Amino acid sequence: QVQVVESGGGLVQPGGSLRLSCAASGRLYNIYDMGWYRQAPGKQRELVATISRGGMTNWGDSVKGRFTISRDNAKNTVYLQMNNLKPEDTAVYYCNAYHGLTSLRAQAYWGQGTQVTVSS
């Protein structure tokens, strides 16, 4: 069984920063792509960023240049550094991790989400 747990959300003022963490644990074979998505009230879940084991990244359009994604493969952990936060970044942020014996058979596991609120 694979568990994915996010941490680091909270309330921050506009222009502030937060760092989210997400760790995969359990009986693990290989963790492939890891990523962050977010869902604001009344909106669909959208891509924030993903990162491969080798460090290749893929970004959603709304956060480019303000957020940084990184990972520690030894710890099966992915991070999201969020700078210059705006009220429109308010959302529940979800982490996912693709896990499996091979990349072709990897399945996505999702965390329960962490709330980020940007407000003065």
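## Salt bridges

A salt bridge is a side-chain nitrogen of Lys or Arg within 4 Å of a carboxyl oxygen of Asp or Glu. By this rule, the count here comes to 3 salt bridges. Residues are numbered from 1 along each chain as its sequence is written, and side-chain values use heavy atoms, with hydrogens and water left out. The model is predicted: local features need pLDDT of at least 70, side-chain atom pairs count only at pLDDT 80 or more, and totals for chains, interfaces and linings use all residues.

Arg-38, Glu-46, Arg-66 and Asp-89 are linked in a network of salt bridges. Arg-38 pairs with Glu-46, and their closest N and O atoms are 2.6 Å apart. Arg-38 also forms a salt bridge with Asp-89, where the closest N and O atoms are 2.9 Å apart. That pair links distant parts of the chain. Asp-89 sits in the loop between β8 and β9, Arg-38 in strand β4 (residues 30-39), and they are 51 residues apart. Helices (H or I, at least four residues) and strands (E, at least two) are DSSP runs, numbered from the N terminus.

Asp-89 has a salt bridge with Arg-66 as well, with 2.7 Å between the closest N and O atoms. Arg-66 lies in the loop between β6 (57-59) and β7, and Asp-89 in the loop between β8 and β9, so this pair ties together parts that are 23 residues apart in sequence.

## Burial in the network

Relative accessible area sorts residues into buried (under 20%), exposed (over 50%) and partly exposed (in between), using a 1.4 Å probe and protein chains only. Arg-38 is buried, at 6%. Arg-66 and Asp-89 are both buried. Glu-46 counts as partly exposed, at 32% relative accessibility.

Two strands pair if DSSP finds at least two bridges between them. An open sheet holds 4 strands in the order β1-β3-β8-β7, with antiparallel pairing. Its edge strands are β1 (2-7) and β7 (67-72), each pairing on one side only. Neighbouring strands of this sheet are turned by 15 degrees against each other on average, direction ignored. For such angles, axes are lines fitted to C-alpha atoms, for helices over the stretch in contact, and angles run from 0 to 180 degrees between N-to-C directions.

Inside the sheet, β3 (residues 18-26) and β8 (residues 77-82) pair in the antiparallel sense over 6 bridges. Leu-18 stands opposite Met-82 in β8.

Strand β11 covers residues 114-118, and its side chains alternate. Thr-114, Val-116 and Val-118 point to one face and are buried.

Two pairings involve β11. Strand β2 (residues 10-12) runs parallel to β11, joined by 3 bridges. Leu-11 has Thr-117 as its bridge partner in β11. Strand β9 (residues 91-100) pairs with β11 in the antiparallel sense, over 3 bridges. There Ala-91 stands opposite Val-116.

## The start of the chain

Gln-1 belongs to the segment before β1. Gln-1 is exposed, with a relative accessible area of 71%. Contact means heavy atoms within 4.5 Å. Leaving aside neighbours within four places in sequence, Gln-1 is in contact with Ser-25, Gly-26 and Arg-27. Gln-1 and Leu-28 are 27 residues apart in sequence, yet 7.9 Å apart in space, C-alpha to C-alpha.
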